[in-house]
Amino acid sequence: MTATSHSAVDCAEFILAALDWLEARDDLTDPTAIDDAFELLASERRRLFLEVMTTYEDDLTLPDVAEEVAVRETDTAVAELPADRVADTYISLYHDHLPRLVDAGLIEYDQERDLVRPTAIRQR
């Protein structure tokens, strides 16, 4: 018999709760929408991006979002974060995660001002 880790139990409970929620929904007619949503949430960095937007519920500059995501990823104070870590996070957000979240309609991005605006998040 093998021991089950705490995170595996949490994961299983979450999956079962998600499946129960999905089963109870009548308005989910497109099964690919579910796959797309879970694929979008598969990245921890995107989840942290959304968490930051949910926490502040306001427009933020992308550099501020990158800094906050890096803080949450490393569990390090802002003053102790290396500048290259924040820069790497910014580049990753800008080129990969931001376009996906914009395409999903969760946030808007004003490239001229480098400003991120929550859209669907605000409506909850």
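This is a predicted model: local features need pLDDT of at least 70, side-chain atom pairs count only at pLDDT 80 or more; totals for chains, interfaces and linings use all residues.
**Exercise 1. A charged patch**

Find which residues form the negative surface patch, and decide whether D35 is buried or exposed.

Solution. 
- Start with the members: D30, D35, D36 and E39 make up the negative surface patch.
- Now check the surface: the relative accessible area of D35 is 52%. Exposed means over 50%, so D35 counts as exposed.

**Exercise 2. An arginine and its surroundings**

Work out where R46 lies and which side chain of opposite charge is nearest to R46.

Solution. 
- Locate the residue first: R46 belongs to helix α3, residues 44-56.
- Then look at burial and pairing: R46 is buried, yet has no salt bridge.
- Turn to the nearest side chain of opposite charge, which is D96, 4.2 Å away. A salt bridge needs the nitrogen and the carboxyl oxygen within 4 Å.
- Finally, list the contacts. Setting aside neighbours within four places in sequence, R46 touches E39, L40, D96, H97, R100 and L101. One of these, E39, is also part of the negative surface patch.

**Exercise 3. A tyrosine in helix α3**

Describe how accessible Y56 is, and which residues Y56 contacts beyond its sequence neighbours.

Solution. 
- Y56 is in helix α3.
- With a relative accessible area of 42%, Y56 is partly exposed.
- Leaving out neighbours within four places in sequence, Y56 is in contact with E68 and R72.

Definitions and conventions: Residues are numbered from 1 along each chain as its sequence is written. Side-chain values use heavy atoms; hydrogens and water are left out. Patches are made of residues with over 30% relative accessible area and no salt bridge: like charges are joined within 9 Å, nonpolar side chains (Val, Leu, Ile, Met, Phe, Trp, Tyr) within 5 Å. Accessible areas come from the Shrake-Rupley method with a 1.4 Å probe; for residues, only the protein chains shown count as cover. Lys and Arg count as positive and Asp and Glu as negative; His and the chain ends are not counted. The place of a charge is taken as NZ of Lys, CZ of Arg, CG of Asp or CD of Glu. Buried means under 20% relative accessible area, exposed over 50%, partly exposed in between (1.4 Å probe, protein chains only). Helices (H or I, at least four residues) and strands (E, at least two) are DSSP runs, numbered from the N terminus. Contact means heavy atoms within 4.5 Å.
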